[in-house]
Amino acid sequence: MSVIMEFAMFPMDKGEHVSQYVKRVVEMVDALPFQSQLTAMGTIVECDTMDECLEVLSRANALLEPVAERIYCTAKFDNKPDFFVQFATWPFFFASFSALFSLFPFFWLINGCLSHPDPRRLPQASQSAGEPQFR
């Protein structure tokens, strides 16, 4: 099983400058044996089970409880039972998928001619007010 979680957690009663509190949570996540990635809007963590993801949230909350009266938390989960995925395999998967689209032109028909537009469907230059017109 593989569970990927993206979460953000910070104290709401400390004003605009909460980086010192978020830093504590990020350091705690980095010390865990799970793969993680810090993004601009949160932290992505890959665990083996949902219980491990919930334990990460619990530990982060426990870090902030002594210093905050109110804690904000959002969490999103991608749970794939009986499936094992690691961050390192994602770029290969997407590169393979895009190569599949370029090798087989019939996929262009499936996605509505977005990748390979039909020239008959392109807008023509207007003779009047500069508005595009279609055939």
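1. A word to learn before we start: a residue is called buried when its relative accessible area is under 20%, exposed when that area is over 50%, and partly exposed in between (1.4 Å probe, protein chains only). Lysine 76, for example, counts as exposed at 55% relative accessibility.

2. A note on what you are looking at. This is a predicted model, in which local features need pLDDT of at least 70 and side-chain atom pairs count only at pLDDT 80 or more, while totals for chains, interfaces and linings use all residues. Residues are numbered from 1 along each chain as its sequence is written, and side-chain values use heavy atoms, with hydrogens and water left out.

3. From the first C-alpha to the last, the 13 residues of α1 reach 18 Å. That is close to the expected 18 Å, where the expected span is 1.5 Å times one less than the number of residues.

4. Which residues of α1 are buried? They are Tyr21, Val25, Val26, Met28 and Val29. These residues sit on the same side of α1 because they cover an arc of only 160° around the axis (the arc is that of the directions from the helix axis to the C-beta atoms). On the face turned away from that buried side, you will find the exposed residues Ser19, Lys23, Asp30 and Ala31.

5. What covers the buried residues of α1? The cover includes strands β1 (2-11), β2 (35-38) and β3 (43-47), together with helix α2 (50-64).

6. Now for the charged pairs. Searching the whole structure gives three salt bridges, each a side-chain nitrogen of Lys or Arg within 4 Å of a carboxyl oxygen of Asp or Glu. One of them joins glutamate 6 and lysine 76, at 3.3 Å from N to O. Glutamate 6 belongs to strand β1 and lysine 76 to strand β4 (residues 71-80), so this pair ties together parts that are 70 residues apart in sequence. Glutamate 6 is partly exposed, at 24% relative accessibility.

7. Another salt bridge links glutamate 27 with lysine 23, at 3.9 Å from N to O. Both residues lie in α1, four residues apart, about one turn of the helix. Glutamate 27 is partly exposed, at 46%.

8. Finally, have a look at α2. Here arginine 59 forms a salt bridge with glutamate 55, with 3.3 Å between the closest N and O atoms. Arginine 59 and glutamate 55 are four residues apart, about one turn of helix α2. Arginine 59 is partly exposed at 38%, and glutamate 55 is partly exposed at 40%.

Conventions. Helix = DSSP H or I, 4+ residues; strand = E, 2+ residues; numbered from the N terminus. Contact = heavy atoms within 4.5 Å.
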